[in-house]
Amino acid sequence: METGVQITRETVARRGADPSFTDRLDTPDLRSIDIRTLQVNVGKLCNQACKHCHVDASPIRTEIMGRNVIDACLSVLDTHRIPILDITGGAPELIPDFRYFVTEAKKIGTEVIVRHNLTVTFELGQGDLPDFFAANRVALVSSLPYFLQRETDSQRGTGVFEKSVSALRRLNAVGYGTTEDLTLDLVYNPVGAYLPPEQSAMETDFKRELVTRYGIVFNNLFTITNMPIARFDEWLYRSGNRERYMQKLRSAFNPDTVGGLMCRDMVSVDWQGRLFDCDFNQMLGLPLERGRPQTIFKFEKDVLIGRAIATAEHCFGCTAGAGSSCGGAVVN
């Protein structure tokens, strides 16, 4: 089974664009129209090892971003006035220079989003994270698979739900979800080989249940499709669900999602400083179009805009149903 996964990744990396995806588009390829977000994956070190993780992050991973790459990212944000820095991982808070990255980006005037898994607050030396986030007016996006313990712990590990509830209460206590400029958004990923339900309806359910059961409030709920990459892809193979899941994604292709795909106005940076069209392409090793800057050290915004986006079968995950992006559904 592991061999099957490896063959798939090698095939994707070798062929680049996937005709079965691009044939669904109104144009023969998908191109960048702007760069409004620099999404930086600072590494694979995480205090959790979630079943759906496309990064294959865990507590035993050692890949973390160094100060030289962070400084290069900061220089790009400043020079090119890219308005949004989206920091992800792993658990990004665990790298040594995380707080430096956030505070320096805020000095530039950049809007900073952190993909925060909630439970990292309980790691050694991280107890003051809610206060740090609030002081720097960081926008938080946090995963919570469900408002009940069984579903959450099934996907993210035993005890995660209880810690997540405690962390959310701490964030509420410092103003997240209740103060206009302290945004707390939650992420819902299906527990299994399913497409997410309609986003606004799920948000209504989450808001009602979280405030009623636990006294927790938040701003928005994002529904995100599980991508057939890394750990989730391996689970699909082991459980015999992969072909059925891929057919489900292909069958649910929605052309209305194409205009709002996140790869069209962002660039992804890995822990070594290499550039990719999105975090998913990064995990598969799908490089940027030839002839474009390939690292943050050679970044040229004007040259990167207009590039052809590398696509493969996982891209159907972003175009299925209402679509999926790091900001949730793409269309209503």
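A residue is called buried when its relative accessible area is under 20%, exposed when that area is over 50%, and partly exposed in between, as judged with a 1.4 Å probe on protein chains only. By this definition Ile70 is buried, with a relative accessible area of 0%. Ile70 belongs to helix α3, which spans residues 67–80; helices (H or I, at least four residues) and strands (E, at least two) are DSSP runs numbered from the N terminus. A contact means heavy atoms within 4.5 Å. Setting aside residues up to four places away in sequence, Ile70 touches Met65, Ile95, Asp97, Tyr100 and Phe101. Met283 lies 213 residues from Ile70 along the chain, and the C-alpha atoms of the two are separated by 19 Å.

The model is predicted, and local features need pLDDT of at least 70, side-chain atom pairs count only at pLDDT 80 or more, and totals for chains, interfaces and linings use all residues. Residues are numbered from 1 along each chain as its sequence is written, and side-chain values use heavy atoms, with hydrogens and water left out. The predictor's confidence in each residue is given by pLDDT, on a scale from 0 to 100. The protein chain averages a pLDDT of 90, and 93% of the residues score at least 70. Over residues 1–15, however, the pLDDT is below 50, and this stretch has 20 contacts in the model beyond near neighbours in sequence. Where pLDDT is low, the predicted coordinates should not be read in detail.

Rolling a probe the size of a water molecule over the atoms shows where empty space is left. A cavity is a set of points, on a 1 Å grid over the protein atoms alone, where a 1.4 Å probe fits but cannot get out, and its lining residues have an atom within 4 Å of a point. Grid points are joined across faces, edges and corners, and a volume is the space filled by probe spheres set on the points. The structure holds three cavities of 30 Å³ or more.

The largest cavity contains about 630 Å³ of space. Its lining is made up of 32 residues, and His52, His54, Thr88, Arg115 and Ser143 lie nearest its centre. Strand β4 (139–143) and helix α11 (279–284) each supply at least two residues of this lining, and β4 gives the most, with three. By class, the lining of the largest cavity has 14 nonpolar, 15 polar and three charged residues. In this division Ala, Val, Leu, Ile, Met, Phe, Trp, Tyr, Cys and Pro count as nonpolar, Asp, Glu, Lys and Arg as charged, and the others, Gly among them, as polar.

The second largest cavity holds about 120 Å³ of space. Of the 15 residues that line this cavity, Leu261, Cys263, Cys278, Cys315 and Cys318 are the closest to its centre. Its lining divides into 11 nonpolar, three polar and one charged residues.

Cys263 is buried, at 9% relative accessible area, and Cys318 is buried, at 12%.

Helix α9 (residues 230–239) is largely enclosed by the rest of the structure, because seven of its 10 residues are buried. Among them is Tyr237, with a relative accessible area of 19%. Just after α9, Gly240 takes a positive phi of about 75 degrees.

Most residues other than glycine have a negative phi, and most peptide bonds are trans. Asp56, in the loop between β1 (37–41) and α3, has a positive phi of about 60 degrees although it is not a glycine; Asp56 is partly exposed, at 28%. Leu118, also not a glycine, has a positive phi of about 75 degrees and is buried, at 0%. Leu118 is found in the loop between β3 and α5. Thr119 lies in the loop between β3 (111–115) and α5 (129–135), is buried at 3%, and is in contact with Asn47, Gln48, Val160, Lys163 and Ser164, leaving aside neighbours within four places in sequence. Finally, the peptide bond from Gly89 to Gly90 is cis, with omega near 20 degrees, and Gly90 lies in the loop between β2 (84–88) and α4 (98–108).

Definitions and conventions: On a 1 Å grid over the protein atoms alone, a cavity is a set of points where a 1.4 Å probe fits but cannot get out, and a pocket is an open set with protein on both sides within 12 Å along at least five of seven lines; lining residues have an atom within 4 Å of a point.
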